Amino acid sequence: QGYVGTSGDVHRIQRQQKEREEERKRFEEARRRAEDAPSTTFKQFGAGKGETLEQAFRNETVGLVTRKEFAEKRANLEVRYEEEERERERAAEEKALNER
């Protein structure tokens with residue numbers, strides 16, 4: 001049969017399997033939290049306003065048929081983006097005031 005290992009090898013293998021299982025559980029929990037977390041449509045690091053807005057617009061306009069639907073969706077997206085931008089600015093101001 002050949003070399004099958006010592007009892008130390010068996011314990012090491014069991015420990016590693018347990019560690020892998022715990023790591024998998026942590027990963028699954030982190031993924032579940034990320035999926036459940038409320039995220040804004042426009043959150044992109046390093047992207048300009050136009051790029052972010054365009055990407056969100058592309059994602060939102062899939063399946064639109066008429067020009068009217070297209071224009072309404074565009075207007076709603078711009079309003080929502082501006083609201084989120086104002087909210088971020090307000091939160092940053094509040095944070096700065098609280099730090100003083």
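What share of the 100 residues in the protein is buried? Buried residues make up 9% of them. The structure described here is a predicted model. It contains three helices and zero strands, and from the N terminus on its elements follow the order α-α-α.

**Overall architecture**

- Among the contacts in the protein with a separation of 6 or more, 38% are between residues 24 or more positions apart.
- The protein exposes about 8,900 Å², and carbon and sulfur atoms supply 49% of that area.

**Helix H3**

- Helix H3 covers residues 67–99 and has 33 residues.
- The distance from the first C-alpha of H3 to its last is 48 Å, which is close to the 48 Å expected at 1.5 Å a residue.
- Within H3, the residues Leu-77, Tyr-81 and Glu-84 are buried.
- Helix H3 also holds Glu-85 and Arg-88, three residues apart and therefore separated by about one helical turn.
- The side chains of Glu-85 and Arg-88 meet in a salt bridge, with an N to O distance of 2.8 Å.
- Glu-85 counts as partly exposed at 27% relative accessibility, and Arg-88 counts as partly exposed at 35%.

- Helix H1 spans residues 7–36 and includes Arg-24 and Glu-21, which are three residues apart and so separated by about one helical turn.
- Arg-24 and Glu-21 form a salt bridge in which the closest N and O atoms are 2.5 Å apart.
- Arg-24 is partly exposed, at 42% relative accessibility, and Glu-21 is partly exposed as well, with a relative accessible area of 33%.
- A salt bridge also joins Arg-26 to Glu-23, and their closest N and O atoms are 2.3 Å apart.
- Arg-26 and Glu-23 both lie in H1, three residues apart, a spacing of about one turn of the helix.

**Salt bridges across the structure**

- Side chains of opposite charge can pair when their charged atoms come close.
- A search of the whole structure finds ten salt bridges.
- Glu-29, Arg-32 and Arg-33 are linked in a network of salt bridges.

Key
Residues are numbered from 1 along each chain as its sequence is written. This is a predicted model: local features need pLDDT of at least 70, side-chain atom pairs count only at pLDDT 80 or more; totals for chains, interfaces and linings use all residues. Side-chain values use heavy atoms; hydrogens and water are left out. Helices (H or I, at least four residues) and strands (E, at least two) are DSSP runs, numbered from the N terminus. The expected span of a helix is 1.5 Å times one less than its number of residues. Buried means under 20% relative accessible area, exposed over 50%, partly exposed in between (1.4 Å probe, protein chains only). Contact means heavy atoms within 4.5 Å. Accessible areas come from the Shrake-Rupley method with a 1.4 Å probe; for residues, only the protein chains shown count as cover. A salt bridge is a side-chain nitrogen of Lys or Arg within 4 Å of a carboxyl oxygen of Asp or Glu.
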